[in-house]
Every structure is written in C-alpha cells, then in structure tokens.
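I opened my notebook to look at how one chain folds and how it meets its partner. Here is the structure I worked from.

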Amino acid sequence: MGRLYWKFFLFFFFAQLTAVLVVSLAIGVVNDKRERERRLIDAAPPAKTMVFAAASTLKISGIASLKSMLTIWLSEPMPQLYAVNEDGIDLLKRDLPKGINKESLTALTADNESRAIEHVRANDGHQYWLFVEPRNKRPPPTYFNGAKIPNNLKYLFPAMPLIVGALVSLLFAAMLAWYFSKPIKQLRFAFESAASGNLDARVGTVMQGRRDELADLGSAFDVMVSRVSQLIQSQTHLMHQVSHELRSPLARLQIAIGLIKQQSTQSDAAHQVNEKISTSLNRIETESVRMDHLVGELLTLSRLESGVTALQKERVDLNELLQELVEDANFEGIANNIKVEYAPIENIYIEAQADLLQRAIDNILRNAVKYTPENTVVVLTTAINQINKSVVLTVKDAGNGVTENELEEIFKPFYRANTSEATRGYGLGLAIAKQIIESHAGTVTAENIANTGLQVTIVLPVIE
Amino acid sequence: MDKILLIDDDVELVEMLKEYIDLEGFSASTAHDGEAGLQVLQADTYDLVVLDVMMPKLNGIDTLRRIRQTSNMPVIMLTAKGDDADRIVGLELGADDYVPKPCTPRELVARIRAILRRAKPQANQAKTITLNELTLMPEQRRVEWSGVPLVLTSTEFNLLEVLVERAGNVVSKQMLSELALGRPMAKFDRNIDVHMSSVRQKLTAAAGGKQLIQTVYRLGYQYLK
C-alpha cells in the first residue's frame, strides 16, 4: 500500500468520523430535549386524549367536575392526569411527578407543539396545567436488531451507533482509498515499464470496466505509448531499410572498381600511364569499404535496437572470451607501446551469444586502447558479485577521461568525445556495445577515475 | 577451366561479377533466383556455386537445402553483413564458406580459389589413411567408416583430413581455418565451430555413438587415436 493509499484512507476516515460525530451530536441535542419532555410528562396519543378530555371538562363543567373525574381515574390502573395550579399544587393534593414544578411546566407549555399539556383558566379563578404523568421509566433495551445485547454492553448502548459508524467509515475509507490508489499504482507500473523500454506496456487491459478520469488518463497513456512505439518502429525500420538499400549500390560499386583495377593491371601499359588514376581507384575502393563497414555497423545497431533477431545464447566461458580479446588488443597496441593487462581470477560462465558479446567487449577495449596515451596500460578486471549473481567487468584506461556530461553521451550513436583529435572509427562502437550488453540483461556505465582515466563498467548476469 | 554458377537477384551486380570472374580464369554462369539456379544446376555440372541468401522466390537458405539433398559440391554463401543468424544457418546446412556482402570481387575470388583448391583431389596428395575403422581417401575425397561411406561436404572433408593427419594432436582453430578453408580465421568467426559440430555429428552417428573428435579447451580440436 503506497503513501497515496494511506493519505486517501486517513483523509476519508477522519472526514467520515467527523461527520458521524457531528450528526450524532446534533441528533443528541434534539433527542435530549424530547427526552426531557418525555421524561417529565407523557406525550403519547392516549395521554393527549386524556389531557384534551380533562381540559374540555374543566372548561365546560368547571373545577368540581374535573376533581370528581380525576378521583374516579385515580382508581384506574393507568397513568394519572395531574391538574396543577400556579402555586404548584395538584388538584388532588398529590405529590408532583419528579421534575415537575412551575418553571418546567411553564417551559413545557411554551414548547407544546404536541399538545401533551394544556394550560386552562378555571372557574375558581386559578389557572391549571393539565398533563399526564410519565409512564414507568423505560428499561435499557435488551434487543438490538433481533440480537440479544450482552448485559455488560447494555449500558454502552448509547455509544453503539458511534462505534458502528466508526467501523463502517473505516471500511468505506479503506475501500475508497483502494479504489483511487489502485489505478494510480497500475499507471505507475505502466509508466515505469514504458520508461525501461517496454513499449508494449498498456493499462487499458487492467483498467477494464472503469469509466472515470483515471481510466481516461490510462487510455491516454496507452495512446501515447503506442504512438511512441510506432514512431520508434518506423524509424528503426527506416534506418534498417536505408542501410540495406545502400548496400546494393555499394556492392556494385565495389565490383565496378574491381573490374577497372583488374583490366588496368592486365594491360601493363595502361597501368603505367594511369598511375594517378590507379591511386585514386585505390582511394575509392578504400572509401567504399569504409562506407560498407559503416553501413554494416548501422545495420547491426538497428537490428539490435529493434530486437528483430533473437539471441542465440549459449554457455560462454568469459575468461576464454576475454583472453582472446586481450591478445588481439595487445597486438594492436604494440605500435604505440600500449599494454592490456588482465589476470583471470576464477571461472566465470555466462549465458550469451558469444560473437556478439565478444564484439561488445572488444569495442570497449579498443576504445580504451585508442584513447589511452602511448606507453600506458589498459587494465581489465573481473569480479563476481555473489549477492546478485553477476560479474562486474571494468576496463580502465590512462587517458584524460571525458567531461561529466559526456559520460552518458559516449554511448550514443555517432557521438565523439570532444577531447579527441583525429579519430578512426564511426562513433558507433560504444553504442553497439551498449545495445549488445543490454540485450544480454546487463548494464554498461562510464565514470572518470581521478588521476587515472576513464573506466567503463559492465555488469552481466552469471550462471553456475 | 572451373565452372562457377552465380545465383543472385541483383542482375547488374551479377553481370559485372561474371565479367570479373571470367577474367580471373573461370567460366561463370548466372541465375537470378533460387529456382532458376537449381534448374541450371540440374542441366549442367559446376565446380562451385556462389549463392546469395536474400533472393525472391526461393531464398538462398532453401536453395542450399535443395542442393545438399543431391550434392556435396562446394557452396559459398553471400550473406548480408551482420546477419549472423543467416550465416550460421547457412553453415549448418553445409555451406562451405560465406562471404559478407558487399565484398570486393578480389575477396570473393580469393575464397573461390581457396575452396576449389581444397575441394579437388591433388596429385601429390598422401595415400589413403586408415585409422582403426576410419578410412580416408584423399584422391577420391571419400571417407568410410567400417566400409560404409560417410557423406561429407568439401569443407567437412578438409577439416576431418587435417585432424586425421594429425590424429592424437590438438589442432588449433587458426590452423584448421588456414588448412581447411584456405584463409586465416577472422574475428568473431564461428565458421570452424559450426563445421566441426557438423563433422562430429556425422562421424558420431556413423561410429555408433563413439566420440572421436574432442574439443580441447581454448586450444582447438583433436582426433582421438
């Protein structure tokens, strides 16, 4: 459960709890007044009838008749009607019911919508309040919704609605919070998935059946991702197509050059005369081969990026693979007295397409050899991380490194570090390396190591 | 004069290539798709086929499969550069070598020469080698296991020959590449491994499950005496 969930939950819970409290307090106030009235006098319809009858008797027949009527009623098993004058004395001199006095009677009369009390001027010059004594005090309820309330809870009962209200609002708050935070969580997962490169991520399927702004947001996300995915696909496709189409004319060009060269070498005279042409032809051939390499690299990159060809993975001995590369790199470094150092420490096996991975590491290694100054050493190290079952491979050169903001840029196609003077290659090596490593579920990063140079770190999962 | 068949759908390219190859002392014919190529092959015999992978109608891989059903003749595949899958599949199906396209015609002719030189019985070649049940006849380029012929492609035969001549010793991949393919091993080259796996499969099947060729860690291959 995320923070948002708890925020929603607490907010709704407190809101509902407050509402319950306020409402029950308000009801309590009203109830209190009614309750008081009810407790002092009987306001039920039979009592009202009795009061009405007594008032009529008093008005029509006078005080004597009322007195004899009350006397007769006295012997009946029913709530008794009282007639109290302004001095607070009952007509039959009975003790007044609890709480009844002149003040409370005045108050009851003033608020007498139910006509459960009458104030009548009698023919003896006194004024009388006529009302019926309350029935026996009601015992606390023993049943609630048909269930027997345990004795120890009986006196808690007035608090019962509050407790139930709190529980219900707890439940509703939880549900509401879940209802809001769930789609947001789903959206977050989809965004994260899309950000990590999975453009097949959609939320429409998990939000099915929902019709609100969050669902709209979800479908807007789906539209966006599919559009982005389309654009990327068409771009990759275009790049693939362009590189592919460039190859046919290149192939013909190379054969045409070959033909001219073949013919010129076969007639020695022509060869002698056209030595300049021959030099140019060699140059044209070299350039067309270069262009061919570039197109090849582009094709490789676009193929890797689009992921059209599945990797042919096999169990690879990383040390064997590295040693071969180190030998080659050392051979290339001889001219500038650059050495590549590598001391294998343990057996490392990974699941990989050997030639691709070899190419990736080779690109990184060559890059290091290219940028390290003469008479220096490029250091290659490997270390196994037992915790997450991976191998950490570092390639460190003795060059000047790159600026901080170039650390990521160098892995982008056609990027060249500003520091370099004359550069060979096409600026695709590291981009290809990154693609290959990432397609092997690995990561590659670069960092500047103070006073030594640039260090490229590759992390790849290992197998037993 | 060696007869070479070029099968490629790029008509202009193939015409220029034919001209180049003819001038190098071969006799080249052309076909522009796999089916046409197969027909030409049926009508006449050729010493070597250069086969493009990407072709309409019948692609290079399928054409190769059909050729291999009836013949062990040398085949060089022209593959799109970087298309490793095609390359490996081609080698597994028994192509003798591959040349990434585009290539300079010089490169292609060098490969053709290397393959042809090794595909033909040579006059000064050693006599029949017999090693236990295995009999290798370089003059006829035939292999037998206990008298039963073993069907190998030209390159597979070369590899086995190199190993058997040095039976008991480890032969490096570089050496195998130079002696059997006639060229140094290229970087990231899986050529030898693919061919070797095919040779081993055929040999193991013929020898009733017996492993005769051993991979020696980091060094190469060895034919067990």
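**Entry: the whole chain.** I noted at the start that this is a predicted model. I looked up the elements of chain B and found eight helices and twelve strands. I then checked burial. Of the 225 residues of chain B, 40% count as buried. I also looked at contacts in chain B with a separation of 6 or more, and 57% of them come from residues 24 or more positions apart.

**Entry: the side that touches chain A.** How many residues of chain B are in contact with chain A? I found 22, and they meet 24 residues of chain A. Three helices of chain B each give two or more residues to this side: α1 (11-23), α4 (84-92) and α5 (105-119). The largest share, seven residues, comes from α1(B). I sorted this side of chain B by class and got eleven nonpolar, two polar and nine charged residues.

**Entry: a three-strand sheet.** I turned to an open sheet in chain B. Its strand order is β10-β12-β11, with antiparallel pairing. Which strands are at the edges? They are β10 (170-172) and β11 (213-216) of chain B, and each pairs on one side only. Neighbouring strands of this sheet are turned by 30° against each other on average, direction ignored.

I followed one pairing in detail. β11(B) pairs with β12(B), residues 220-223, over four bridges. B:Val216 has B:Gly220 in β12(B) as its bridge partner.

**Entry: the helix across it.** Last, I looked at α7(B), residues 173-181. This helix lies across β10 and β12 of chain B and runs at about 75° to β10(B).

Note on methods:
Residues numbered from 1 in each chain as written. Chains lettered and ligands numbered in written order. Predicted model: local features only at pLDDT ≥ 70, side-chain atom pairs only at ≥ 80, totals over all residues. Buried ≥ 20, exposed ≤ 12 C-beta atoms within 10 Å, placed from the backbone. Contact = placed C-beta atoms within 7 Å. Nonpolar A, V, L, I, M, F, W, Y, C, P; charged D, E, K, R; others polar. Pairing = 2+ DSSP bridges. Axes fitted to C-alpha atoms, helices over the stretch in contact; angles between N-to-C directions.
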